[in-house]
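Please find below some notes on the model.

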Amino acid sequence: MIPFLNLQALNRRFEDEFQEALRRVLSKGWYIQGEECRAFETEFAAYCGVEHAVGVGNGLDALVLILRALLETGRLQPGDEVLVPGNTFIASALAVSACGLRVRLVEPELSRFNLDPQAVEAAIGERTRAILAVHLYGRLVDMPALADIARRHGLLLLEDAAQAHGARLGARRAGAWGVAAGFSLFPGKPLGALGDGGVVTTDDSELALTIRSLRNYGSMIKYQHDRKGGNSRLDELQAAFLRIKLRCLDADNQARHGIALRYAQGLDQRVLCLPEIPAEVEIHSWHLYVIRSANRDALQQHLLKSGVQTLIHYPTPIHRQAAYRELGNLNLPITEMLSEQVLSLPIYPGLSAQQVDQVIEACNSFAVNEPEFSV
Ligand SMILES: *Cc1c(COP(=O)(O)O)cnc(C)c1O
């Protein structure tokens, strides 16, 4: 069986360095808000090309803390509306809802699976104050277009970069386009801890300071509380592990890119709709390699029988979830169509060319009996 993801193998590469990091943290006996977290923050900020990075507990909290800090500093008001892509992971929307803000779902476009700038502009209403651009599957949203829309309409441009560590357009990486960006460091993400973790990037010093305070009980000085904050911190051990893995992130993204190219060359494009390979100025982090099929469920079954494990990102759109029943009347045909057609194939460093070819062969042997794909 070719597993969808092999985290044991991925992390085994760093075992000796992890052991050394564990010894270092153990010998210091300092586990929260220490040198490792500060060093990771400095290194990740430099990697992304921004002034500040703030380590937090997870990716959802990274987004929540950005929005809470914008509320605290008066740049958002309760009840303001945030534009969110309809086909994203639910956490993007949950962050908005958790802060007493309103979610407005917007359709993606099919070439990138990302927010359609035209649909964004059409969705802007009276109460719209921000755009949450999600770099879904690791591909950057058309950020120059969104930055232009945000500027013309006076909106805050924010990034959900939970799947896009290291993705870039020209020299500018995910995390360096918006007012602030939230990253997840969940184990399966392009930069993953050995547990939960998250990080916020921003060039805005006031925002960074506010988030530092909010993640730590609203306190910068012990037992002095300026705000009603929470507790969401990146611990020393995870930060130490992440520093090791960060050094390998570009190479890992390159390895996934190589697999994407091999898929693009081998898969039958008459029957399967493949993700666009970006031009050379753009780096895709290929968190997921997502194809579309008119007969997706049968294809997934066929692949499983052929020894290939796949997943669906995501099978039920946000407005079809019980948690968002208030959005149940929405009509988002592209989002809904995608939820029925998308299938994620294995893509990770360590997946051999031979295994990739096995996936290709399994897909193409299904495709033989299928009509041409034409949506
Ligand atoms: C993973 C993910 C999140 C949430 O990150 P966690 O670390 O799991 O809380 C948010 N948005 C997107 C797009 C994600 O993929």
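1. Helices (H or I, at least four residues) and strands (E, at least two) are DSSP runs, numbered from the N terminus. The model is predicted: local features need pLDDT of at least 70, side-chain atom pairs count only at pLDDT 80 or more, and totals for chains, interfaces and linings use all residues. Residue numbers run from 1 along each chain as its sequence is written, and side-chain values use heavy atoms, with hydrogens and water left out.

2. Ala362 belongs to helix α13 (residues 353–367). Ala362 counts as buried because its relative accessibility is 6% (buried means under 20% relative accessible area, exposed over 50%, partly exposed in between; 1.4 Å probe, protein chains only). Apart from neighbours within four places in sequence, Ala362 is in contact (heavy atoms within 4.5 Å) with His302, Leu303, Ser306 and Val308. For Leu303, 59 residues away along the chain, the C-alpha atom is 6.0 Å from that of Ala362.

3. Thr128 is in strand β4 (residues 128–134) and, at 3% relative accessibility, counts as buried. Its side chain makes a polar contact of 2.7 Å with the side chain of Glu81 (a pair of N or O atoms within 3.5 Å; within protein, one must be able to donate a hydrogen and the other to accept it, and residues adjacent in sequence count only if both atoms are side-chain atoms). A polar side-chain atom of Thr128 also lies 2.8 Å from the backbone nitrogen of Gly125. Not counting residues up to four places away in sequence, Thr128 touches Glu81, Leu83, Ala123 and Leu155.

4. The ligand is surrounded by 14 residues (a heavy atom within 4 Å of the molecule); the closest are Gly59, Asp160, Gln163, Ser184 and Lys189. For Ser184, a side-chain N or O atom is 2.6 Å from an oxygen atom of the ligand.

5. The largest pocket has a volume of about 650 Å³. Of its 41 lining residues, Ser184, Phe186, Gly188, Lys189 and His287 are the closest to the centre. A pocket is an open set of points on a 1 Å grid over the protein atoms alone, where a 1.4 Å probe fits, with protein on both sides within 12 Å along at least five of seven lines; lining residues have an atom within 4 Å of a point. Points are joined across faces, edges and corners, and the volume is the space filled by probe spheres set on them. Elements that each supply at least two lining residues include α4 (59–72), β8 (180–184) and α10 (249–266).
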